[in-house]
Amino acid sequence: MTSLAAALALSIMLSIVVTLVTVVRRPGVFDRIIGVGMVGTKTTVLLAYLGLLFGRVDAFVDIALTYGLLNFVLTLAVARYFTWKGET
Amino acid sequence: MIADALAVLLMLGGAFFLFAGTVGYIRLPDFFTRMHAIGKSDTLGALLSLLGVACCVGWSLTAFELAVVAIFIFVANPTATHALSRAAFLSGVAGEQTEERSHG
């Protein structure tokens, strides 16, 4: 179970790196915002896997919950901010 | 035993859907189609992965907290996707079909 969690955590890290490179290379405000939002969702899952790896799920799940909340608020706020200022 | 098998199944399914979300974000041609890929496959992948970790932990307060995180993502991620696509539509981000229609 631990090796499976390690492999899945590594695959999620790889996805995050590839997504961040794509976010930097791609033009457009909203494309970048959805890329960063997807990185936030994947980080929530990654924190749960890390808790499984370190044997401290009870500590890491609180961090995951906080990260998910912050990610949601950030996405909503940035969407409101760029509604009329978007450079398409 | 059954909980372990269920956990492995859920985690592998979640990893598949998260991977599908990444591929959709990189490969799809258009802003709204990328939104479609992220809003659905990423939400389902996160839900399945968190429930798989909860199956690993077993019946406890931690599993309940993991279920709370999963339910929160299940509600919040489509909401954020909707707000972002509405903002992009109001700011005049064009999809492929919109461009074709305006050219033709």
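Which residues in α1(A) meet which residues in α1(B)? On the chain A side they are A:Leu4, A:Leu8, A:Ser11, A:Ile12, A:Ser15, A:Val18, A:Thr19 and A:Thr22; their counterparts in α1(B) are B:Val8, B:Met11, B:Ala15, B:Leu18, B:Phe19, B:Thr22, B:Tyr25 and B:Ile26. Contact here means C-beta atoms, placed from the backbone, within 7 Å, and helices are DSSP runs (H or I, at least four residues), numbered from the N terminus.

A quick note on the source: this is a predicted model, where local features need pLDDT of at least 70 and side-chain atom pairs count only at pLDDT 80 or more, while totals for chains, interfaces and linings use all residues. Residues are numbered from 1 along each chain as its sequence is written, and chains are lettered from A in the order in which they are written.

Back to that helix pair: α1(A) and α1(B), residues 2-27 of chain B, pack at about 10° with axes 10 Å apart (axes are lines fitted to C-alpha atoms over the stretch in contact, angles run from 0 to 180 degrees between N-to-C directions). They are therefore roughly parallel (under 35 degrees).

Zooming out, the contact between the chains takes 38 residues from chain A and 39 residues from chain B. On the chain A side, α2(A) gives the largest share, 14 residues.

Within chain A, α2(A) also packs against α3(A), at about 175° with axes 8 Å apart, so the two are roughly antiparallel (over 145 degrees). Among the residues making that contact are A:Gly37, A:Gly40 and A:Leu47 of α2(A), along with A:Ala64, A:Tyr67 and A:Gly68 of α3(A).

Terms used. Two residues are in contact if their C-beta atoms, placed from the backbone, lie within 7 Å. Angles under 35 degrees count as roughly parallel, over 145 as roughly antiparallel, 65 to 115 as roughly perpendicular and the rest as oblique.
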